[in-house]
Amino acid sequence: MIGRLTGTLLEKNPPRILLDVQGVGYEVDVPMSTFYNLPAVGERVTLHTHFVVREDGHFLFGFASPAEQAAFRQLVKITGIGPRMALAVLSGMSVDELARVVAMQEAGRLTKIPGIGKKTAERLLLELRDKLLPTASLASAVAPDAGADILNALMALGYSEREAQSALRTLPEGVGVSDGIRQALKALSKA
C-alpha cells in the first residue's frame, strides 16, 4: 500500500493533483481543505495517502494531515459512503468540524454537503459517534449545548464557521449562551 508521497507538485486541477515522485507522476485526488493549503506548482509537498483498488481502476487519495487520512478511512468503512463521498465530506468541513458535528449530532450540518441526504447524514452520525475524537482545537471548555447555540448564532449574524469556531475557543469554561455570544462578538470585533 502507498501510505505517503513526497515529491514535486506538477499540476493542480481540483480535486486532482499530479505529483512527481522521482520521475513517476502520481495522480492524487485531495479534499479541498488539502487543495487550498498546497504550495505553488513546482514546490515540494508531502501527502499522507490512501490507495483504493477497484475493478474499474486504482485510485490514490491524498491528505495534508494524518487526521484527515484517518477520518477518510473511517468514512469509507461506512456502508454507502465511497471514497468520492468521503472526499466530499472532508472538502465540506475540517476534521475538527466533523468531530464536533458528530459529537453534537448535527445532521442538518451534514446535509449541507452535496450528495448527503438526511438518511445518509443520520447514518454518518451513528457510525462515527465513538470513532472521531475532536482535537484540542475544539472548544471543549464550553458546554456542548451552549457551544452549538453560540456557533449557530454567530453564523446567523454573518460570520463564517471558521471565524465562529475561532471565537468559541476564546470563551471561558461554563459560559452561558447569551454571555457567550456577547463575549464571542467582542473577540471577533478585536480580530
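**A glycine loop, a pocket and some aromatic rings**

In this predicted model, glycine 23 is found in the loop that runs between β2 (16-21) and β3 (24-29). With a relative accessible area of 67%, glycine 23 is exposed, because exposed means over 50%. Glycine 7 is 16 residues apart from glycine 23 along the chain, and the C-alpha atoms of the two are separated by 9.3 Å.

Next comes the largest pocket, which holds about 370 Å³ of space. Its lining is made up of 18 residues, and those closest to the centre are Ser33, Asn37, Glu68, Ser94 and Arg162. Two or more lining residues come from each of α1 (32-35), α3 (83-92), α4 (95-104) and α8 (161-168).

The whole structure contains 3 aromatic pairs. One of them joins phenylalanine 35 and tyrosine 36 in an edge-to-face arrangement, 6.4 Å centre to centre with 75° between the planes. Phenylalanine 35 counts as buried at 11% relative accessibility, whereas tyrosine 36 counts as exposed at 64%. Another pair, phenylalanine 61 and phenylalanine 72, has ring centres 5.2 Å apart and planes at 35°, so this pair is tilted. Since phenylalanine 61 belongs to strand β5 (residues 57-63) and phenylalanine 72 to helix α2 (residues 66-76), the pair ties together parts that are 11 residues apart in sequence. Both of these phenylalanines are buried, and together with Phe63 they form one aromatic cluster.

Terms used. Residues numbered from 1 in each chain as written. Predicted model: local features only at pLDDT ≥ 70, side-chain atom pairs only at ≥ 80, totals over all residues. Heavy atoms only, no water. Helix = DSSP H or I, 4+ residues; strand = E, 2+ residues; numbered from the N terminus. Buried < 20%, exposed > 50% of the residue type's maximum accessible area, 1.4 Å probe, protein only. 1 Å grid on protein atoms, 1.4 Å probe; cavity = no way out; pocket = protein on both sides within 12 Å on 5 of 7 lines; lining within 4 Å. Points joined across faces, edges and corners; volume = space filled by probe spheres on them. Phe/Tyr/Trp six-rings, centres within 6.5 Å; stacked < 30°, edge-to-face > 60°.
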